[in-house]
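I open the notebook on a new model today.

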Amino acid sequence: MDAVRREVVICQEVLQALQKNGASKIDEFTLLGVNVIVGKLFTTYILGFVNSSFNIEDNCPHNLTPCGMAGKIEQIKNVQEHLLDDQLKKKEILYLNIFDSKVQVWKLEKFDDAIEFENLELIVETKEGLNKHLLYFRTCMKLELDRQINDCDSSYIEALLEKKIGSKPLFYVKDCKQYLSKLENNKTIDELKVKTNKLDCEVLNVSVYQNLSRAQSENSDISDFPIIHQTNEPFDEELVCCQLDSLCLIPKKSTYSYAYNLLYGSILKNVKLIQSFLVSNPTDLPVVHHFLPDTLCHFLTIVCSHNQIDSYSNLRKKLHNAFYLSMDRPLFRISNAYQFDSKPVINDDGLLTNVHEGLPSSGIKDGQISIVKGTYTFYHYGHGGFNDHQWGCAYRSLQTLYSWFKWQGWTNKSVPSICDIQQILVDLGDKNKDFVGSNDWIGSMEVSFVLDADLGVTCRIMSLRQGDTLNSVCLELAEHFDRHGTPVMIGGGVLAHTLLGVDINEDKGLVKFLVLDPHYTGSDNIKSIHGKGVYWKEASFWKKDTFYNLCLPLKLSGI
């Protein structure tokens, strides 16, 4: 009988993060991965890692589980001795060794009281390449749970779920209008004809239907009449309707049957988490949030009080520490929750966000692009039916800058209206009382005053004698976008624009700037906005006989 061949594929960004963080001990990190067996090939996709002292399985998508360890050793026998002392909990694990610049991966397998190892080839793929092998399945449904249950016994949860949706529910993949069957082992999910929205990962939406059909038996009386089942039992419940929202990560080479079992398991896991929350917080209503920080290759999930995640500082800090995420910006606040709808999305004010996404490239070959990080809202002339034509461009640019801090979770304040902005400047003593309600312009300095007064944001002001000399500060702008990631306001004369990025080819001396134009007056349609409301421009776009100031907001710190 042919032996099963082992294959390990790691996300390039994950490997780089492991090398960057470095290891000082044998079991510094726990690797997170997904397994799939196709014929005689056993593949593990490594999508992440976590500090080995943290237990975060409840926060990971179903089927993304610990698959090994990573650390630093000089000889493999050191790992063998360590595992023998610590007892190998699984029969087989992977060990990734990061020693200086050398990276090796071994399969360690337990036989009786000994541990044998095999050196494996490590295949490195980019995040985009790795995602081509995987699919996320998202299941949303309502389920009544009992507040009075004071434990989360697995058998109770399983019995409850079977009572609600049956032991063999039907899973309908809405995106490709197809059912997943528990019995189909000859089909794999990569055969699904997927027409998903353009997201960071392929996510398929699943509906759950209870299978009310019963297998026929010899003694069954087949009838076309409906059958009513009545069960007499004591009623002592305090039911609360909860919104389940589970994510399951499945390799595309998985069979329908395997995917079906994983989907059922993901729902079961989600119910356990929500029931556990109800036990600990009997008076609160739970809500599920999913997050996809840009430095991670997988989602994270948090179950918390309805709209109260911003107060869960200990949990957010734990996740930042566990996944080695920067502490200088929030990643797990309500405003950071992942938007599963197609981007650009519409915010509460009816305006579009991140309208630069999908825009054609600048045309500079082999350029280095530095661009805004995170989400912003595109504010422009005429928003809300307010007539600010010919004078409100700087106000609109300020609103876009302000929205960036709101989207990133640093404030829950509403983006101020033009009248609000004017009142803030009056309250600061920068303007007279009759400024409120006027059509007077503002510039980069006023923009910085408002951001500082209302959000505590420090801004850097850069000055140019001529607009067409913007190339002279292109490297400083690139450094700003790379480090802070905030939009930049540029104002001169009676015009203001918002800068979202810069594309530079230093060798050829070519530079283009990504411009968001608040003077746009068309419809909030992305096809219309591309080329009219957002576009790439050279420095000659700005007037050579006009003095310009740039307002560069510096990001805040903290989570």
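**Salt bridges**

I began with Lys 187 and Glu 184, whose side chains meet in a salt bridge at 3.6 Å, N to O. I count a salt bridge when a side-chain nitrogen of Lys or Arg is within 4 Å of a carboxyl oxygen of Asp or Glu. This is a predicted model, so local features need pLDDT of at least 70 and side-chain atom pairs pLDDT 80 or more, while totals for chains, interfaces and linings use all residues. Residues are numbered from 1 along each chain as its sequence is written, and side-chain values use heavy atoms, with hydrogens and water left out.

Next I checked burial. I call a residue buried under 20% relative accessible area, exposed over 50%, and partly exposed in between (1.4 Å probe, protein chains only). Lys 187 is partly exposed at 30%. Glu 184 is partly exposed too, at 22%.

I then looked up Lys 413 and Asp 454, which form a salt bridge at 3.6 Å, N to O. Lys 413 sits in the loop between α7 (393-407) and α8 (418-427), and Asp 454 sits in helix α9 (residues 444-455), so this pair ties together parts 41 residues apart in sequence. My helices (H or I, at least four residues) and strands (E, at least two) are DSSP runs, numbered from the N terminus. Lys 413 is partly exposed at 39% relative accessibility. Asp 454 is partly exposed at 22%. I also noted a network: salt bridges with shared partners join Lys 107, Glu 109 and Glu 118.

Is the pair of Asp 245 and Arg 138 made of buried or exposed residues? Asp 245 is buried at 7% relative accessibility. Arg 138 is buried at 17%. Their side chains meet in a salt bridge at 2.7 Å, N to O. The pair links distant parts of the chain, with Asp 245 in strand β13 (residues 239-251) and Arg 138 in strand β9 (residues 134-146), 107 residues apart. How many salt bridges are there by this rule? I get 13.

**Cysteines**

I searched for disulfides, taken as pairs of cysteine sulfur atoms within 2.5 Å. The structure holds zero. Cys 140 is in no disulfide, and the nearest cysteine sulfur, that of Cys 241, is 13 Å away. Cys 140 is partly exposed at 32% relative accessibility.

Cys 242 is buried at 1% relative accessibility.

**The eight-stranded sheet**

I traced an open sheet of eight strands in the order β7-β6-β5-β4-β2-β3-β1-β8, with mixed pairing. Two strands pair if DSSP finds at least two bridges between them. β7 (114-120) and β8 (122-125) stand at the edges with a single partner strand each, so one side of each has no neighbour in the sheet. The twist averages 35 degrees from one strand to the next.

Strand β1 (residues 5-11) pairs with strand β3 (residues 41-51) in the parallel sense over six bridges. Arg 5 has Leu 41 in β3 as its bridge partner. Helix α1 (residues 12-21) packs on this sheet. The helix touches β1, β2 (29-38), β3, β4 (65-71), β5 (92-99), β6 (102-111) and β8. Contact here means heavy atoms within 4.5 Å. The direction of α1 makes about 75 degrees with that of β1. For such angles I use lines fitted to C-alpha atoms, for helices over the stretch in contact, and N-to-C directions from 0 to 180 degrees.

I followed β4 next. Five of its seven residues are buried. β2 and β4 run antiparallel, joined by five bridges. Leu 31 has Gly 68 as its bridge partner in β4. β4 also pairs with β5, in the parallel sense, over four bridges. Ala 70 stands opposite Leu 96 in β5.

**Annotated span and whole chain**

Which residues does the annotation "domain: UFSP1/2/DUB catalytic" cover? The unreviewed UniProt entry gives 368-551. UniProt positions follow the numbering used here, feature names are shortened, and annotations may be inferred rather than shown by experiment. The span is 28% helix and 22% strand, and its end C-alpha atoms lie 22 Å apart.

Last, I took totals. The protein chain has eleven helices and 22 strands. Its C-alpha trace spans about 90 × 65 × 40 Å along the principal axes. Of the 559 residues, 50% are buried.
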